[in-house]
Amino acid sequence: MTARVHIPWVTLAVATTVIGASVAAWWSVGLPLTADTAVRCGGRDALALHLGQTWRLISAGLLHSDLHHLLWNLLPSLPILVLIERRQGSLTALGLTLG
């Protein structure tokens with residue numbers, strides 16, 4: 001009998017969003033994503049933030065320069081997020097992720 005793996009929905013949504021945003025940025029401007037090219041894809045820019053583009057505070061955290069950087073960030077954080085979501089609930093996990 002095969003054991004069934006259940007991935008909580010917030011963890012799955014976070015992983016999908018981060019991977020999707022990074023791949024879309026790579027597809028748009030190429031690899032590796034640099035500080036200059038990341039700004040075109042939603043990276044942090046002081047002038048843009050000053051002009052009211054506060055969404056860049058969240059979108060910048062979704063961008064990764066290359067596959068190595070993406071995996072280096074996701075592989076340790078996703079199991080921790082799974083544990084938090086299972087123990088504390090989805091809203092707590094989502095709040096910690098956004099925070």
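**View 1. How confident is the prediction?** Helix H2 (residues 35-40) has the lowest mean among the elements, at 86, while H5 has the highest, at 94. Helices here are DSSP runs of H or I with at least four residues, numbered from the N terminus.

**View 2. The largest nonpolar core.** Here you'll find 12 residues, including Val-10, Trp-26, Leu-33, Leu-63 and Leu-81. Such a core is a set of buried Ala, Val, Leu, Ile, Met, Phe, Trp, Tyr and Cys residues joined through side-chain atoms within 4.5 Å; buried means under 20% relative accessible area, exposed over 50%, partly exposed in between (1.4 Å probe, protein chains only).

**View 3. H5 against H6.** Helix H6 (residues 90-98) packs on H5 at about 140°, axes 7 Å apart. The pair counts as oblique, since angles under 35 degrees are roughly parallel, over 145 roughly antiparallel, 65 to 115 roughly perpendicular and the rest oblique. Leu-81, Ile-84, Glu-85 and Gln-88 of H5 make the contact (heavy atoms within 4.5 Å) with Ser-90, Thr-92, Ala-93, Leu-96 and Thr-97 of H6.

**View 4. Trp-72 on the outside.** This tryptophan sits in H5 and, at 66% relative accessibility, counts as exposed.

Residues are numbered from 1 along each chain as its sequence is written. Local features need pLDDT of at least 70, side-chain atom pairs count only at pLDDT 80 or more, totals for chains, interfaces and linings use all residues, and side-chain values use heavy atoms, leaving out hydrogens and water.

Notes:
Helices (H or I, at least four residues) and strands (E, at least two) are DSSP runs, numbered from the N terminus. pLDDT is the predictor's confidence in each residue, from 0 to 100. Axes are lines fitted to C-alpha atoms, for helices over the stretch in contact, and angles run from 0 to 180 degrees between N-to-C directions.
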